[in-house]
Amino acid sequence: MNKKTLTPDGYIPRLIDKQIDDMMRIYGAVCIEGPKWCGKTWTSSNHAVSMKSLGNPERNFQNKRLAEMDPDLIFDGEKPLLIDEWQEVPQLWDAVKFKVDQLQSKGQFILTGSSSPRRRGILHSGSGRIGNVRMRTMSLFEMGKSSGVVSLKDLFNNSVKSQNVGEISLESIIDMILHGGWPGSISMTAEESQKIARDYLLNVPDDMKKLDGKTRNAGKVYSLLRSLGRNESTMTSKTKILNDMDEYEEDKINIPEKDSVTDYLDCFLKLFLIEDQPVFSEKLRSSVKALKKPKRHFTDPSLAAAAIGATREMLLNDLNTLGFLFESLCIHDLRIYAEANDGSVYHYHDERNKEADAIIQFSNGQWGMFEVKLGFNQVDSAAESLLALQSSFLSETSTKPDFLCVVCGMSNAAYKRPDGVYVVPITALRD
């Protein structure tokens, strides 16, 4: 790109930058969606030369009102043009698609949004015109908290070099979870960043109303968020969530019915507050039944911690809860690293109770299996579990993963065990 972009001073490069560049060479417009405060506007500015913000209150939200009257009135900026918070005027989707057809050029528009819009009528598919990119909060590697000496490509290519990566304390891991990946809090302490996460959750009822115009009971929303926090990184059913809410809530609010929980969860998904980790089943051609429930995660590990009011002291005294939150941190980062390689993250759990915390599959069909363990003393059992599952896949489907890996919290080295299983600290991993 020869034109000078709007890259903000102090911009920290993100792994998604390359994905955006690639998409802009393919599509006339690129839509970047993700949770509030994950850095969408800053990153999009890095690829744009002009910008129209629909959330800008200047002149009584002039940009938004112009877009509502006639979208052409905000298309006059130099291209690539960033339209920030486009979902404030949902009809812009069709207008951008039409404009792309008129211009017949690639990389003309960048749209950003922190929620899926309320649809008035039917929005046409953007297929062939608008490419979609999912953005997340920052990974440990992007924040400089992972050395990145081991990449996913190294694992798939069987080229991981054994090396010491330094000691890491349990307190440091807890701080990484509490801190989360918010770009605006990089220089903050874990406690200060947790304040952001708590405020984020307090705003959810208002965000839900902005999404679809419906007012919901704030107490029930917070009750559901707490239940999701208690069940982070699990395959929890809606029935179990309801039972959990009924058991734990001391103020005896009227617990919502299953239909209401479905409605609330759907809103959370549209707000990019939570995300499902789907089941891996493509390779299964056997009589063994794989459980089909996805695992549910908050979009950032700090939100899961905030939902249950976790503190450093609490987690030091509750290693079981810490283990689930550490898995949330690892899945969060694995998703970012996988998507940077055009890959996806799944999980596996079958009726025999054999499981893999994560399976990454690249678009070329390669796939690898991961177990996530907080302590180094758990590595042996995790490796045995992965080897047993690999043997089952091989005998029942004649397929096997390209590698097995234990992602560990408190290992001071990255290496390959004699049984062929890799051990990689999360603080050494990158895309």
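Me: When do two strands count as a pair, and how many bridges join β11 to β12?
Reply: Two strands pair if DSSP finds at least two bridges between them. In this predicted model, strand β12 covers residues 367-373 and runs antiparallel to β11. The number of bridges joining β11 to β12 is 4.

Me: Which residue of β12 stands opposite A358?
Reply: β11 spans residues 355-362, a range given for the strand that pairs with β12. Opposite A358, the residue in β12 is F370.

Me: Which residue in the hairpin of β11 and β12 takes a positive phi?
Reply: This hairpin has 4 residues between its strands. A positive phi near 100 degrees is found there at G365.

Me: How many bridges join β10 to β11?
Reply: Strand β10, residues 343-349, runs antiparallel to β11. Within this pair, V345 stands opposite I360. The two strands form a hairpin with 5 residues between them, and N353 in the turn has a positive phi of about 75 degrees. The bridges joining β10 to β11 number 6.

Me: Is β11 mostly covered or mostly exposed, and how many of its residues are buried?
Reply: A residue is buried when its relative accessible area is under 20%. By that cut-off β11 is mostly covered, and of its 8 residues the buried ones number 7.

Me: Which strands do the buried residues of α15 pack against?
Reply: Helix α15 runs over residues 379-397. Its buried residues include V379, L386, L389 and F393. They pack against β10, β11, β12, β13, β14 and β15.

Me: Which residue just after α15 takes a positive phi?
Reply: Helix α15 has 19 residues and reaches 26 Å from its first C-alpha to its last, close to the 27 Å expected. Just after the helix, a positive phi of about 60 degrees belongs to S398.

How values were computed. Residues numbered from 1 in each chain as written. Predicted model: local features only at pLDDT ≥ 70, side-chain atom pairs only at ≥ 80, totals over all residues. Heavy atoms only, no water. Buried < 20%, exposed > 50% of the residue type's maximum accessible area, 1.4 Å probe, protein only. Expected span 1.5 Å × (residues − 1). Contact = heavy atoms within 4.5 Å.
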